[in-house]
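User: I'd like to learn how to read the contact between two parts of a chain. Can you walk me through it?

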Amino acid sequence: MIPVTKPFLPKAKEYDDYVHSIWERQWLTNNGPLVNELELKLKNYLQVEHLLYVTNGTLALQIAIKALDLKGEIITTPFSYVATTSSIVWEGCKPVYTDIDPETFNIDPKKIEAAITPQTSAILATHVYGNPCDIDAIQAIADKYNLKVIYDGAHCFGTKYKNKSVYEYGDISTTSFHATKLFHSIEGGAVFTKDPDLLKKMSHMRNFGHNGPEDYSELGINGKNCEFHAAMGLCNLKYVDEILKKRKQLSLYYLDKLQNLKASYPKLNKDFDYNYAYFPVLFDTKELMHKCLVALEAEKVYCRRYFYPSLSSLPYVQQTALPVCDSVVERIICLPLYHALTFSDLDLITRVILRVQHYDIEDVMETQVPVGIEEDIANMLVSANENAS
Ligand SMILES: *Cc1c(COP(=O)(O)O)cnc(C)c1O
């Protein structure tokens, strides 16, 4: 079975050593030494001024919205994980969607101005698949209309934009260290800001608003993370360079094998180094995508329609038709990409996809399974059709 992703796991012994140290200290959570160590090491690795390690990437977004005291409408992208929108609604604001760029799948800055109203307080954009938004264009609009900017950088671990960490941009950036992400601490996330007041406010907010044992400076929430998660983060951080390197090799291999596929790939922002967080494929037609999904499942390869559906079709938002996004969500999937994946796994995956393109499945069924192709492929096509019908 090949899933779309598998969490990276360090050697069990390395984690055990940290667990042993936790037992010795009997300090499990509340800003413990491993949480501190992880924050320091992350700051170093990511080359950022500040970060706060929090419970998860969703709470990071919620804390960011709360800390900026956002009200009214927030302009956001329809093409992201649900948490980007749900955190806006959860914080009592209204998401207003603008369409995405057809080549990068990030929010299209050219469409933002038309969506601004007197109620607009901010722009919340996702660097989709780890590919930075057009940060300069977005900041120019924000400056012109006096709006705050939050970046959901859940896919951006380790990426740089104009020689600085992408997390250094916007009023606040957030990320996720969930087990499915390139770097993870099982559950976890972070908020980043260069504004010292905002940083202080968020550090109180993540700890119930405490400003000392008996003082409360803010409305807060329990956004802390614990020693056990920090331990996993510390273990995994040692492997991050190796993980990045392997993902790059796998991605380049995919690209090479899929040269003749009727599909396209996100256009990468030229000002940065890609972290190969995902391997998205935008098929020319949704029919081809569906046939590939079915054929891959028959081979026990499970891709994900990441992202589907458009967030602007969620039941709790004002539904908005957005032609580019609505077309992309129907045709895009992420192929499996994780550290333990092998090149022969990739050979299988790409072979299945290219065969589907070559022998259009329905035609094959009408004319019976053609002679001369290997038996396993014939079986694959038959079972793919059974699944499809
Ligand atoms: C994973 C993800 C989140 C949520 O992060 P959690 O740590 O799982 O809460 C938010 N936004 C995007 C774009 C994500 O991919």
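User: How many Å separate the centres of domain 1 and domain 2?

Analyst: Keep in mind that this is a predicted model. The domain assignment gives domain 1 as 12–237 and domain 2 as 240–388. Taken over C-alpha atoms, their centres are 29 Å apart.

User: OK, and how do I read the area buried between domain 1 and domain 2?

Analyst: The general idea: interface size is often given as the accessible area lost when the parts come together. Here about 3300 Å² is buried between domain 1 and domain 2, and carbon and sulfur atoms give 66% of that. On the domain 1 side, Tyr97, Tyr129 and Leu182 supply 23% of the area buried against domain 2, more than any other three residues. Counting contacts instead, 40 residues of domain 1 touch 38 residues of domain 2.

User: What about charge: which residue forms a salt bridge with Lys267?

Analyst: That's Glu103, with the closest N and O atoms 3.6 Å apart. The count of salt bridges between domain 1 and domain 2 is one, while residue pairs in polar contact number 14.

User: Which element gives the largest share of the side of domain 1 that touches domain 2?

Analyst: Helix H4, with four residues. Strand E3 is also among the elements giving two or more residues to that side.

User: How do strands E2 and E3 run, parallel or antiparallel?

Analyst: Parallel: four bridges join E2 (residues 73–76) to E3 (residues 94–97). The chain goes from E2 through H4 (residues 82–90) to E3, a right-handed β-α-β crossover.

Key:
Residues are numbered from 1 along each chain as its sequence is written. This is a predicted model: local features need pLDDT of at least 70, side-chain atom pairs count only at pLDDT 80 or more; totals for chains, interfaces and linings use all residues. Side-chain values use heavy atoms; hydrogens and water are left out. Two strands pair if DSSP finds at least two bridges between them. A crossover is right-handed if, with the strands pointing away from the viewer, the path from the first strand over the helix to the second runs clockwise. Domain bounds come from an automatic or database domain assignment. Contact means heavy atoms within 4.5 Å. Buried area is the accessible area (1.4 Å probe) that two parts lose on being put together, summed over both. A salt bridge is a side-chain nitrogen of Lys or Arg within 4 Å of a carboxyl oxygen of Asp or Glu. A polar contact is a pair of N or O atoms within 3.5 Å; within protein, one must be able to donate a hydrogen and the other to accept it, and residues adjacent in sequence count only if both atoms are side-chain atoms.
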